[in-house]
Amino acid sequence: MSILENKIPEGPLAEKWSKHKAAIKVVSPANKRKLEIIVVGTGLGGASAAASLAELGYKVKAFCYQDSPRRAHSIAAQGGINAAKNYQNDNDSVFRLFYDTIKGGDYRAREANVYRLAEVSPNIIDQCVAQGVPFGREYGGLLDNRSFGGVLVSRTFYARGQTGQQLLIGAYQALNRQISKGAVEMYNRHEMLDLVKIDGKARGIIARDLVSGEIKRFGAHAVVVATGGYGNVFFLSTNAMGSNGSAAWQCYKRGAFMSNPCFVQIHPTCIPVHGDQQSKLTLMSESLRNDGRVWVPKKKEDAIKLQKGELHPNDIADEDRDFYLERRYPSYGNLVPRDVASRAAKERCDAGFGVNAEGKAVFLDFKYAIERLGKSVIEARYGNLFQMYEKITDVDPYKAPMMIYPAIHYSMGGTWVDYNLMTTVPGLYSIGEANFSDHGANRLGASALMQGLADGYFVLPYTIGDYLADEIMTPKADTNAPEFAAVEKDVKDRIEKLYNIKGSKPVDYFHKKLGQVMWDYVGMARNAEGLKKAIEMIKEIREEFWKDVRIPGELDNLNPELEKAGRVADFFDIGELMARDALDRNESCGGHFREESATEEGEAKRNDEEFTYVSCWEYKGEGVEPDMHKEDLVFENVKLTQRSYK
């Protein structure tokens with residue numbers, strides 16, 4: 001088998017998934033009971049996968065580093081989940097959702113995977129309604145919809161401003177049902193630290209019990225990684241503090257290729273940084289852009305007065321306000337895709353029109369929506385979001401505009417997977433944000449929840465059977481095998497090496513230094529000189545880290561600083577690979593903006609002649625430059641054009 005055999009089925013786009021399901025192997029119910037699957041992560045992807053696989057009859061071991069599966073970061077998603085239901089009768093369709101996603105990702109995603117995502121999206125809504133997810137409803141009783149950036153229809157289903165929480169509760173209930181039946185063994189407060197392969201196939205993991213500090217071995221016939229993205233490599237991001245890329249990174253070091261690591265998403269609607277002691281950023285839902293208008297002052301003197309606190313935004317007349325998204329992109333206005341909105345905000349702030357003390361914020365104003373619809377309607381749609389904003393900033397969004405600024409949010413890159421969601425390691429699967437497959441160079445809003453649940457509920461339960469059908473006669477993984485012992489030794493040696501450095505500086509000192517380098521040189525705008533500088537700076541900080549990090553507490557006990565140190569050590573390596581990937585891709589596309597490749601209007605300019613491919617990085621060893629392979633992207637159903645939202 002070619003190491004990059006993507007297994008995309010032949011035939012018309014609309015028939016690929018149904019034909020593929022008819023052609024792949026199936027495991028009988030009696031044989032499913034003989035097979036064990038490890039699922040790492042209990043967000044929407046992991047929880048839905050574990051529940052679905054257990055319901056089918058497989059024996060499942062599920063792992064999360066949180067104290068409960070319900071604490072997974074999917075809970076933080078606010079605005080909604082996309083699906084091609086066409087409830088609004090506004091001409092939505094599976095093909096339109098497919099096309100919007102391909103275009104939104106700037107033509108750097110696989111057609112077949114994206115079409116399948118759109119095709120199964122209506123099933124997700126039906127499943128979640130059946131689980132009791134309290135989606136918003138309109139007057140006639142149908143589920144209501146919002147618009148999100150990059151589309152001209154309303155297809156985003158929502159539960160006020162806490163959609164992720166409600167969807168995760170639904171998946172958590174399904175998972176708990178299987179736990180109570182004994183079909184899922186749940187391991188809370190366990191962190192995967194390495195992957196175990198036997199005869200080239202994924203056969204288990206090494207995990208650390210985060211309460212006792214014990215290192216444990218777990219075996220299975222297949223391993224599924226659903227551990228989210230690597231956005232916290234930037235230190236400041238919208239991700240939960242514990243979110244990390246370590247599980248996927250250890251899989252990379254065991255032979256799973258990493259794809260498009262430079263593709264990370266900047267979210268335009270984040271509460272700006274306040275001070276230099278902040279440890280994470282708070283996201284305000286993109287759904288707010290449905291009714292909020294984005295603006296900065298037209299006059300620089302007004303901006304300067306706002307920065308000094310000498311002027312209130314409500315005192316600036318409408319004719320002196322620059323609604324720059326509506327001005328630059330009249331077709332989409334405030335609902336342009338996230339990468340476009342983010343760069344536009346940065347451009348205005350860099351030009352001196354920022355509105356907070358640091359000059360790094362723009363306004364998101366609901367005055368006009370309140371005048372048009374009434375405060376009660378806005379409160380019903382966004383009440384909890386407004387409350388959260390006021391608690392954090394002490395500003396009432398009903399009376400004054402919100403301040404927002406772009407922030408690191410989502411990882412489009414991740415582990416390479418084929419059409420079956422299997423990595424280059426046989427038996428190792430990657431789903432949700434942990435893989436690279438469905439979003440290309442930029443993710444449309446409300447599509448993360450869609451992908452996680454599509455993979456877990458409606459893709460993996462079919463495709464994993466194709467592999468496991470050949471593993472029925474394979475006995476249970478023997479955790480006493482020498483392969484397990486060898487990987488466990490690697491894990492223990494690495495932890496002891498970290499712990500015994502006994503340096504003078506805490507882990508966060510190095511993480512912040514790394515994050516600053518990443519934001520400055522691998523952030524919203526990148527250039528060759530800066531990326532080369534970033535690679536060298538990351539190497540220097542990593543070298544200092546391994547000489548001078550201080551980890552207090554005990555080695556074999558509860559020790560959050562030890563956990564953090566292991567994750568930050570991986571962030572150095574992830575950050576370096578991101579910079580290498582960004583340096584290699586000398587074009588601008590989606591969230592990857594190379595200053596050398598821009599249109600006259602300052603928009604991203606793709607180079608389809610040279611870069612219509614997925615970058616696939618192969619680990620070659622510690623301190624050795626990785627090899628880059630290419631999976632060519634073939635577009636048979638959409639025409640490659642420069643994106644325009646004007």
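**Pockets, cavities and buried residues in a predicted model**

Visitor: How much space lies in the second largest pocket?

Guide: About 950 Å³ of space lies in the second largest pocket, and this value, like those that follow, comes from a predicted model. The pocket is lined by 39 residues, and those closest to its centre are Lys253, Arg494, Asp573, Tyr619 and Glu622.

Visitor: Which helices and strands supply at least two residues each to the lining of the second largest pocket?

Guide: Strand 6 (190–198) does, together with helix 7 (246–253), helix 14 (482–499), helix 16 (528–548) and helix 17 (560–584). Helix 17 gives the largest share, with ten residues. By class, the lining divides into 20 charged, 14 nonpolar and five polar residues.

Visitor: How do you know that helix 7 and helix 17 meet in this model, and which residues do so?

Guide: Contact requires heavy atoms within 4.5 Å, and on that basis Ser246, Trp249, Gln250 and Tyr252 of helix 7 meet Gly566, Arg567, Asp570, Asp573, Ile574 and Leu577 of helix 17. Four of the residues in this contact are nonpolar, three are polar and three are charged. The two helices pack with their axes 10 Å apart and at an angle of about 65 degrees, and the crossing of helix 7 with helix 17 is left-handed.

Visitor: Turning to the cavities, how many reach 30 Å³ or more, and what lines the largest cavity?

Guide: The search of the whole structure finds five cavities of 30 Å³ or more, and the largest cavity has a volume of about 70 Å³. Its lining has 13 residues, with Gly228, Tyr230, Gly245, Ala248 and Met258 nearest the centre. Helix 7 supplies at least two residues of this lining, as does strand 16 (414–415). The lining of the largest cavity holds six nonpolar, six polar and one charged residue.

Visitor: How does the lining of the second largest cavity divide by class?

Guide: Eight of its residues are nonpolar, none is polar and one is charged. The second largest cavity has a volume of about 50 Å³, and the residues that line it are Pro268, Arg289, Val294, Tyr324, Leu325, Ala341, Ala345, Val362 and Ile404. Arg counts as charged, and Arg289 is in this lining. Helix 9 (324–328) and helix 10 (338–353) each supply at least two of the lining residues.

Visitor: Why is Tyr429 called buried?

Guide: Buried means under 20% relative accessible area, and Tyr429, at 1% relative accessibility, therefore counts as buried. This residue is found in strand 17 (residues 428–430), and beyond its neighbours up to four places away in sequence it touches, among others, Val223, Val224, Val225, Leu460 and Tyr467. Tyr429 and Val225 are 204 residues apart along the chain, yet their C-alpha atoms are separated by 6.1 Å.

Visitor: Why is Asp556 called exposed?

Guide: Exposed means over 50% relative accessible area, and Asp556 has 57%, so the term applies. Asp556 lies in the loop between helix 16 and helix 17, and, leaving aside neighbours within four places in sequence, Asp556 is in contact with Ser212 and Gly213. From Asp556 to Ser212 the C-alpha distance is 6.6 Å, across 344 residues of sequence.

Visitor: What makes the phi of Asn91 worth noting, and is Asn91 buried or exposed?

Guide: Most residues other than glycine have a negative phi. Asn91 is not a glycine, but its phi is positive, at about 75 degrees. Asn91 sits in the loop between strand 3 (81–82) and helix 4 (94–104), and its relative accessible area of 51% is over the 50% cut-off, so Asn91 is exposed.

Visitor: And Phe235, is that residue buried or exposed?

Guide: Phe235 also has a positive phi, about 65 degrees, although it is not a glycine, and it is found in the loop between strand 9 (222–225) and helix 7. Its relative accessible area is 7%, which is under 20%, so Phe235 is buried.

Visitor: Which residues of helix 4 are buried, and against what do they pack?

Guide: In helix 4 the buried residues are Leu97, Phe98, Asp100, Thr101, Ile102, Lys103 and Gly104, and they pack against helix 5 (111–130) and helix 13 (448–468). Helix 4 is followed by Asp106, with a positive phi near 55 degrees.

Definitions and conventions
Residues are numbered from 1 along each chain as its sequence is written. This is a predicted model: local features need pLDDT of at least 70, side-chain atom pairs count only at pLDDT 80 or more; totals for chains, interfaces and linings use all residues. Side-chain values use heavy atoms; hydrogens and water are left out. On a 1 Å grid over the protein atoms alone, a cavity is a set of points where a 1.4 Å probe fits but cannot get out, and a pocket is an open set with protein on both sides within 12 Å along at least five of seven lines; lining residues have an atom within 4 Å of a point. Grid points are joined across faces, edges and corners, and a volume is the space filled by probe spheres set on the points. Helices (H or I, at least four residues) and strands (E, at least two) are DSSP runs, numbered from the N terminus. Buried means under 20% relative accessible area, exposed over 50%, partly exposed in between (1.4 Å probe, protein chains only). Axes are lines fitted to C-alpha atoms, for helices over the stretch in contact, and angles run from 0 to 180 degrees between N-to-C directions. A crossing is left-handed if the near helix is turned anticlockwise from the far one by less than a right angle, and right-handed if clockwise.
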